[in-house]
Each structure stands twice: as structure tokens, then as C-alpha cells.
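Here is my notebook page for this one. Have a look at the model alongside me.

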Amino acid sequence: MIDTHLFQDKKAVYYTLGCKLNFAETSTLGKYLTGQGIRKALAGEKADFCVVNTCSVTELADKKCRQAIRRIKKQHPEAFMIVTGCYAQLKPEEVSGIEGVDLVLGSNQKMNLLDHLTDKIAVTPIKEAKTFIPSCSKGDRTRYFLKVQDGCDYYCSYCTIPFARGRSRNGKIADLVRMAEQAGREGGKEIVLTGVNIGDFGKTTGETFFDLVQALDKVETIERFRISSIEPNLLTDEIVEFVAHSEKFAPHFHIPLQSGSDDVLKLMRRKYNTAFFKSKIEKIKTLLPDAFIGVDVIVGVRGETDKHFEEAKRFLEELPFSQLHVFTYSERPGTMALQIEPVVSPREKQERSKQLLLLSGEKTKSFYRSQIGTTHKVLFEHTRRDSFMQGFTENYIKIESVYDPNRINQLIDVSLENFNEEQTTFIISLYG
Ligand code: SF4
């Protein structure tokens, strides 16, 4: 039992790297510490605890974590530094060796942080991660993030996430629905469903992701839901059809393709081929012609020859998506991909990434142009850039308008007329 008196007047700062799931978890950690009497430090205050929630998706992510830890330690030299997240789970000794780190917490331990204050490293094998702690948290923007699932059973050849987050597991639909209702009562308008492999939802509760989508659609207090990244083989036709008729689920899909070459998909141990992926996109475009479709791709994986890349690029050129998220392959210790030859040179990786980013820019502009003259509901966020505020429509089009605090977290009907090609945004005047 923790003596919470010990923590009175103590302050914490939080720093999160990586995915939406990490942001949701940091927020849950913050709530937990607040409940124990440790409040969030205000800007300029020196903290007693620093919590860094790390990512380890690439080598660069590890480097950014190390830099962040050193920077935060400089800002809060007296604070007790706690590092958790994927980098901490995968390389606890390395993280513990970073100057200023007091405690390294594994994925199984992070939600019981205060029980480990006398440890130096508290990390147990990820195989033991069986529990699932659902969380619904307000992100740094206006939306809420509902963590519905964690872990992954897929073992794609290049990925370390299953080693960092463990096996696929999820919350119960009834609990998640309650959390969504509560977020709505707190004033939330939009919820993004997050997880590592959300389409795999239901493994531990005997439910399905489609069951979850249907149950959430009935939550009256929330106006909009977004499904975040979902594996193409798990985005079933029934889900696409349901979204097409739903008032609440946004016409916005984020689907990892990873490569437009069938040979490379095999090397990656992905569970579909390009023909399947194309049919999925066509299904979406037929039922939801205005849907925003974001697609993840990785360039420069081991085994991706010039011929494969050219083939992949041609495939992508023909595909009606709205944006590419281009990732450059980075070697991860312990992955099967390390046995594949040939290795792509850093310069070639950079060149391939550049080409796909150019393609992405063209596709996004063309999608925005196709939306000129249409009307949508925009949810304005609280962030301010110069004298402007921004928001997104249900089909994920970025809107900018003159800053007006009364519009924050409001859903407002807008007509898309004034397209700013250079910034890829629509500028809206709300005052006629
Ligand atoms: S589906 Fe593949 S890429 Fe995604 S988390 Fe699982 S193993 Fe990694």
C-alpha cells in the first residue's frame, strides 16, 4: 500500500515519443500519479518526477529517446527520472546506462510505477504481459484516444513491436463503451480508436472488432469516431459497409500496405498481396468516394531491389489513396529481416523515400482538389498557429480559420472553397 502523504506537493512532467497508443498510456499514467497526489508540473516549475514514455520503432526513435532523456534531465536536474515504453522493454540495460536515468520500467510494470521506486530496472519478459488496461484520454489536441487493444501476434519480419508489447489482447466492449460515454460527458466530441493491431481486437474476450464498431456507433454522447491504422486483411467488407452507412464513424481509413511489390510483401511476411490491397481500396472508394485513405509504406527494406521499388512505385501511382506515410527501413536487432540480402544503401533508401514523398504530395493535393465545393463538418482544435486555428473534417481534410476560442471543440459546417495549394489546406472564413 502506498503512503500517498509522501507525494504531497510533488510534481511530475511527462514526455511521450512514438504512437497514439503511447500518448494514451502516458495520459493514463498521469491520471494514476495525480490520484496518488503527484500533480502535473506547471510550465517553468521544476519537477520531482520525470516520466519518459519511449518508442523503439526505428534506430532513429531510440536516438530521439536518448536525446529527450538528456534534455529533460537538464531541465529538471533534481527529478527522479523514470523511463518506460518500448525502448525500455527492449533494451533495459542500455536505457539504464543513460546518465540521469533512475528507474527503467517494463511494459508489465508501467501502470504500477510507484511500486518500483526502489528498483533500478523493473522489466519482466514480455511473454508475461497478459493484462490489458483500457484507457481513454484526451490527446494533446481536441480528440480523445480510446485504447482498445494492445500487442500483436503477426511477427512481420522487420518489426520488433511484438517483442516490446507482447501478445494481442484487448478490453471488453462493455467497458470500452462506458469509457466512450464518459469521454462524451466530459465534453469530448471525437474519439480515435487506437491499438497496436486493432483489427485483431477480440482475441481475449471472444468478441470482434466489428462488434466493437457497432457497439460504439450507438454511444449517444460522442459525435465522431475514427478507426486508426488497421491491417488490410482485418478491414473486412462488413466494416467498410458499416462505416459507409454510419453517421458517427468517419470516412477515414489508415491502412498499412508497406510495399507495392508482391515479392517484398512475402519477404516482410505480410498477410496479403497487392491485388488484395487494391481490391480493398476500390471497395472503399466505391462505397465512400470522399473517404480519406492514408497508406503506410516502408522503403529500403532488405531484399528490395531497384526492380521491386519501381514495381511498387507503379502500383502506388495507380492506387487512389490520399496520403502516404513513408517510413525508411531501419535494422532492428532480433528480427528475421536481418537474414535477408541484399541490403539497400542509405543513399538509395533516401532516394526512394524522396520519390514516394513527392508522389504522396501530388496525391494529397489531388484529393483536396476533388473536394472543392463539398460541405463537411470540421472539429476545431485548441492549438493556435500565429493568428490561425486548425481543425479536420470527418474525411480528414485540414481546415484553417482565424483563431476564435469560441470555436474550439465545436463541430461546424463548412463549405470547401478556398484551397491553399502550397500549404495543402482549406482556408475558411466563418464570418461570411
Ligand atoms: S502487424 Fe506486423 S508491423 Fe504491425 S505491429 Fe504486428 S508485427 Fe509489427
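Which residues surround the ligand? I found Cys-152, Tyr-154, Tyr-155, Cys-156, Tyr-158, Cys-159, Ile-161, Pro-162, Val-196, Glu-231 and Arg-270 around the ligand, where near means a heavy atom within 4 Å. I sorted this shell into nine nonpolar, no polar and two charged residues, counting Ala, Val, Leu, Ile, Met, Phe, Trp, Tyr, Cys and Pro as nonpolar, Asp, Glu, Lys and Arg as charged, and the others, Gly among them, as polar.

A note on sources: this is a predicted model, with pLDDT of at least 70 needed for local features and 80 or more for side-chain atom pairs, while totals for chains, interfaces and linings use all residues. Residues are numbered from 1 along each chain as its sequence is written, and side-chain values use heavy atoms, without hydrogens and water.

Next, the sheet. I see an open, parallel sheet of three strands, ordered β13-β14-β15; strands are DSSP runs of E, at least two residues, and helices of H or I, at least four, numbered from the N terminus, and pairing takes at least two DSSP bridges. β13 (252-258) and β15 (323-328) each have a single partner strand, so one side of each lacks a neighbour in the sheet.

Then the core. Ile-191, Phe-209 and Leu-216 touch the most other members of the largest nonpolar core, which has 65 residues; a core joins buried Ala, Val, Leu, Ile, Met, Phe, Trp, Tyr and Cys through side-chain atoms within 4.5 Å, buried being under 20% relative accessible area (1.4 Å probe, protein chains only). Helix α7 (residues 209-216) gives the most to this core, six residues. A second, separate core has 21 residues, including Tyr-87 and Val-104.

Note on methods. Buried means under 20% relative accessible area, exposed over 50%, partly exposed in between (1.4 Å probe, protein chains only).
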